[in-house]
Amino acid sequence: MYKLLIVDDESKIRLGIQAMVNREFANYFNTFVAEDGVEALDVLHANHIDILITDIKMPRMDGISLIENLQDMEQLPALIILSGHDDFSYAKAAIKNRVKDYLLKPVNRKELFQTLRRVADELDSLSESANDKASEYRSSQLNYMLLNPNVTKEKVAQQCEELLVADIVGPHYYIAVIDNVDGLNGHEFLLQIQHIMEKQSNHTVSFCNKDGHVVLVASTLDVFYHLKNVLAESNSINCSIAASAPQSTYQNFKEAYEQAMITKKYQFLFPRSSLLFFEDVKEKQIPEEQPTDNINKLSNMLGTDRDKELKAKLLEIFDYDKITKLNISYMESINKGLNAKIFDVFFKKFGQEAIDLFKQYNKVSDMYQYKDFHEYYYAVEESIMRLHEYTKQLRSVYSAQNYMEQAIDYMKENFHKDLNLAVVSNHISLNYSYFSHAFKEFTGQNFVDYLKHIRINAAKKLLKETDYKISEISELVGYKNPKQFARVFKELVGVSAKEYRAP
C-alpha cells in the first residue's frame, strides 16, 4: 500500500480529493492531508510518503518552496501539483523540479485517477527493479562467500548480518538446498519457491547457487515442511529438499551450507524422501572396506563365459541394503572404481572403434547425473553387459583367424567391385565395430588402407603385363574416377602410373 499526501490550504479541496481517492483506491493508498507546506514537511518527516499532491499558492510555505525543500531527500516522493489556469508559469517551474504531472483546478475525477494509476504503476516497476537488483546483489555476495575458501568465519558472520538479519528472525536458522528434478530453469524455479514462501509469510531468504539449485535460509523447520506439503498437494514442481542442522551463529553459515549439500547427496539413495535432514544422515559410518577387490574381479570376468557370475558380482557391488547403511562416500567410491578399473580402461583401449558402445560413457561416469541409485544401477548394468558381449566377440575373433582370412580372400577376389567395411563385415557375419577393430589387429592396417594396397598391386601388374589404357586399368581395379586412381597410385608407389609403365 502506497502512502499519499494531499496538500492544499482549501479544506474542501484537500478533503474532497482524499474522499475520492479513498473510495476508488480503498486498499491501494493510505492517505494523509496537510493545509500548507510547513505542515506537509512535518508529515513527510514522520512518514515515508510515496506520492505528494500539492497546491502551489498556500500561506506560510507555498508548493514551489515545499518541492524545493524536498530535493535533497534520499528518496523523493512522486510529485503531482495542483494548479489554476493563472498559475501555469508556476507549474512549468515545478515540473523542472522532477514533478511527475500537474492537475488543473477544479480537479477532474477521471484525470486524477488516471494520473494516480500511472504514477503507481511507475512506482511498482521501480520497486520490482530495486528488489531484483537487491536480490541479485545478495545472491552474488552469498555465492561468493560460499565458494571462496579464503573468507574467514568473522567475515562470513559480518556479511550475513548485513544480508540476512532483516529477514531471518529467531535464535536459530537452517539452510536447505532444493533440487529441481523436473529440470526447470534456475531463475524460474527460484520464483516459484519464492511465491510459495510469500504466501506463508515466513521470514526466509532464497537465492540460486552456481548449479542452479535454490538455497533457502529459514528460521524454523516449519518452512520446509510447509514447502514440502504445498508441492506435494499441487504436483506443480517435483523437487527434493535437503536441510542442515540448526545453527545459532552466522559464523557457521558455510558449514550449514555444506551440511545441506552433503544431505542432498543422500537423496540419490533415498529418492522417496522429498525432505531430508542432516541429522538423519550424519551418523552414517565410513567403512574400512572398499569395493576395489570386487570391481577388479568384475573387470576380470568381462569377455569370459561367466555371465551368471558377472551379474551376481555386479549385484554384490550394488548391494542397496549395505550401501544405504554407510556414508555416501562408499557409493561414490563404487562410481570412481568402475570408472578407473573398467570404463576408462576399455574406452582408452578400443577408442573410436567402439564409440557406439560408449555413447553413454560420459553420463555413466557421474552417478549424480541420474535421478537416483536405481536408475544409475540399470545404466551401469546395461553398459557392463554390452561391454561384456563386445569383449567376448573380440576374443572370439582373435581366437579364430579364419574370419579375417575369409575377409581378406573376399577382398582379393572382389577388389574391382564397390567394396567397403560394411559389405565385407556382412559377408563374414560380424558386427561392423567388432570387425573394424579385429581387422586392424590382424593386418596392422585399417580396412581402407589395406584395400588400397590390394588394388594398386593389381594395377601395377596390369600396367606391366597388358596394353590396357591407364583409364581402363583404373576401372578394372575398382576406381571409377581416374583422378582418384592417379592420386592413390602416386601416393603408394611414389611415381605416376605412366612413369611406372615406361620401359
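# Close-up views of a predicted model

**View 1. Helices α6 and α9 pack against each other.** Helix α6 (residues 153–164) and helix α9 (residues 253–266) pack at about 85 degrees, and their axes are 9 Å apart. This is a predicted model. The two helices are therefore roughly perpendicular, α6 to α9. On the α6 side, the contact is made by K153, V156, C160 and L164. On the α9 side, F253, K254 and E255 take part. By class, the contact of α6 with α9 has four nonpolar and three charged residues, but no polar ones.

**View 2. Helix α17 crosses helix α19.** Helix α17 spans residues 402–414, and helix α19 spans residues 432–443. Their axes come within 10 Å and cross at roughly 90 degrees. That makes α17 roughly perpendicular to α19, because angles of 65 to 115 degrees count as such. From α17, the contact uses M404, E405, A407, I408 and M411. From α19, it uses F435, A438, F439, F442 and T443. By class, eight residues in the contact of α17 with α19 are nonpolar, one is polar and one is charged.

**View 3. Two phenylalanine rings meet edge-to-face.** The chain has 24 aromatic pairs. One of them joins F25 and F29. How far apart are the ring centres of F25 and F29, and at what angle are the planes? The centres are 5.2 Å apart and the planes are at 75 degrees, so the pair is edge-to-face. Is F25 buried or exposed? At 9% relative accessibility, F25 counts as buried. F29 counts as buried too, at 3% relative accessibility.

**View 4. Aromatic residues gather in a cluster.** Which residues form this one aromatic cluster? Phenylalanines F268, F318 and F373 belong to it.

**View 5. E332 sits in helix α14.** Helix α14 covers residues 328–350, and E332 is found there. Is E332 buried or exposed? E332 counts as buried, because its relative accessibility is 15% and the cut-off for buried is under 20%. Leaving aside neighbours within four places in sequence, E332 is in contact with K265, M367 and Y368.

**View 6. T391 sits in helix α16.** Helix α16 covers residues 373–399, and T391 lies in it. T391 is buried, with a relative accessible area of 7%. Which residues does T391 touch, not counting those up to four places away in sequence? They are L302, G303 and F346.

**View 7. R272 lies in a loop.** Look for R272 in the loop between α9 and β10 (275–277). R272 is exposed, with a relative accessible area of 86%. R272 and D372 are 100 residues apart in sequence. In space, C-alpha to C-alpha, R272 and D372 are 9.6 Å apart.

**View 8. The whole chain puts the close-ups in context.** The secondary structure comes to 23 helices and ten strands. The chain has 503 residues, and buried residues make up 44% of them. Among contacts with a separation of 6 or more, 67% join residues 24 or more positions apart. The chain exposes about 27300 Å². Carbon and sulfur atoms supply 47% of that area.

Notes
Residues numbered from 1 in each chain as written. Predicted model: local features only at pLDDT ≥ 70, side-chain atom pairs only at ≥ 80, totals over all residues. Heavy atoms only, no water. Axes fitted to C-alpha atoms, helices over the stretch in contact; angles between N-to-C directions. Helix = DSSP H or I, 4+ residues; strand = E, 2+ residues; numbered from the N terminus. Parallel < 35°, antiparallel > 145°, perpendicular 65-115°, else oblique. Contact = heavy atoms within 4.5 Å. Nonpolar A, V, L, I, M, F, W, Y, C, P; charged D, E, K, R; others polar. Buried < 20%, exposed > 50% of the residue type's maximum accessible area, 1.4 Å probe, protein only. Areas by Shrake-Rupley, 256 points an atom, 1.4 Å probe, with all protein chains shown as cover. Phe/Tyr/Trp six-rings, centres within 6.5 Å; stacked < 30°, edge-to-face > 60°.
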